[in-house]
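Please consult it alongside the sequence and the model.

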Amino acid sequence: MLCSVASPSYATSLEGITTRFQTLITDLKKIPPERRAEVLQYVTSHRSGQYKSVEKLDSIELQDLYLSDARLPSHSGALTGRLRPVSYLNTEYVEIPTWANNLLLLRRGNYTLTDRGKVLLALQPKGKINYSTGRMEVNPFLLSPSEKYFFLYCILESDGDLIRRLYDRLLALITFNNNDVGHEMSASLLATQQESTGTGKSELSRIMRAAEAGIKSGQILTTRLEPLVDCGLLRRTDAVQHVYEFNDGTRAFIQNLSGASSVGEFLVSSLASNMAFFLRTTATEPQRNIRFFTSRSYLQLRSGLGYCSIRELALLTVSNAIYEGVSRFEIDDVERELISLSKEYGSKVRFTKNRQGDIALVRIDRDLAENLYGITESK
């Protein structure tokens, strides 16, 4: 929902993007008669302090209309105007643009949409959602398998070293709550930061003080639990109490993540295959090959000049394949295929490098991309 109000090109401030986002998610919508019982149960359990005269309630915020959906694995997460211990804007709403920065969905400083943010919008199953109607045909909080893959990639890329330490420690537990996670979080944070290069004692001490404050407030725990419920790794055992257990297949997933040489290597070479079990996706013999998915994804993502990020193109390609039930592709498969296309078609597939000298962007001749995708002039 945040990415839908961000511009790909026009800069704004943190206050500006937060105001747009807050306006969208707090917009009041009429409760559909067929969903009234479901909505009132949610409000009574999760949002009784937000609304008065629950029985007479006829409109709720858009975020609550979505969060009350019985199909969701968790109904927590509504944002409020409660004050937070920060020096700007002082509300929970500001946390989401900041989180989007950390997941590389929005650019730091100007809050414009990145290629990764464009990937997320491209994964919506029915195109751009019309939030003005408040209809439930597509609930943005109910993630498809491809969206679960996408978000888990982003979360692990940003926070994977800590997460794999934390969850490796939690494997011994059948169920666990915030207190259990808080106990293990401190040890995991300390181990992670001690291995970080260039972290001095004073900086390490500052990080740990901030982390301990976050653990005490519960905020740092929630961000390492609830998103993983949405992505399918964890299951809430109670709709109200924060008690969790691992889903089928999650233990093997965590063990494989812990055994990988690095989080980065795991993400590019085996994330999709390791997610197949708990996403309930079965890799079928694909009728469409990797070039089909790569070219289709490129046409979705290309800029006006034709360039797009190679990693984000690969991320969208794998996500599109997962959406169609073909979970055998990994990011490094796509990136190798792009190199093969360059060797085969020469200047029709061009790469550019970043300041570090690494290949970062790709441009594919549009006619070539359309032919690989199967589009002909007659169509």
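With a relative accessibility of 26%, K118 counts as partly exposed, a class that lies between buried (under 20% relative accessible area) and exposed (over 50%), as found with a 1.4 Å probe on protein chains only. This is a predicted model, in which local features need pLDDT of at least 70 and side-chain atom pairs count only at pLDDT 80 or more, while totals for chains, interfaces and linings use all residues. Residues are numbered from 1 along each chain as its sequence is written, and side-chain values use heavy atoms, with hydrogens and water left out.

K118 and D115 meet through their side chains in a salt bridge, defined as a side-chain nitrogen of Lys or Arg within 4 Å of a carboxyl oxygen of Asp or Glu. Both residues lie in helix 5, 3 residues apart, about one turn of the helix; helices here are DSSP runs of H or I with at least four residues, strands are runs of E with at least two, and both are numbered from the N terminus. D115 is buried at 16%, and its contacts (heavy atoms within 4.5 Å) include L301 and E312.

The structure holds 20 salt bridges, among them these:

| Pair | N to O distance |
|---|---|
| D69 and R71 | 2.6 Å |
| D115 and K118 | 3.8 Å |
| R336 and D333 | 2.7 Å |

An open sheet of 3 strands has the order 3-5-4 with antiparallel pairing, where two strands pair if DSSP finds at least two bridges between them. Strands 3 (175-177) and 4 (234-236) stand at the edges, each with a single partner strand, so one side of each is left without a neighbour in the sheet.

Terms used: Lists of a residue's contacts leave out its neighbours within four places in sequence.
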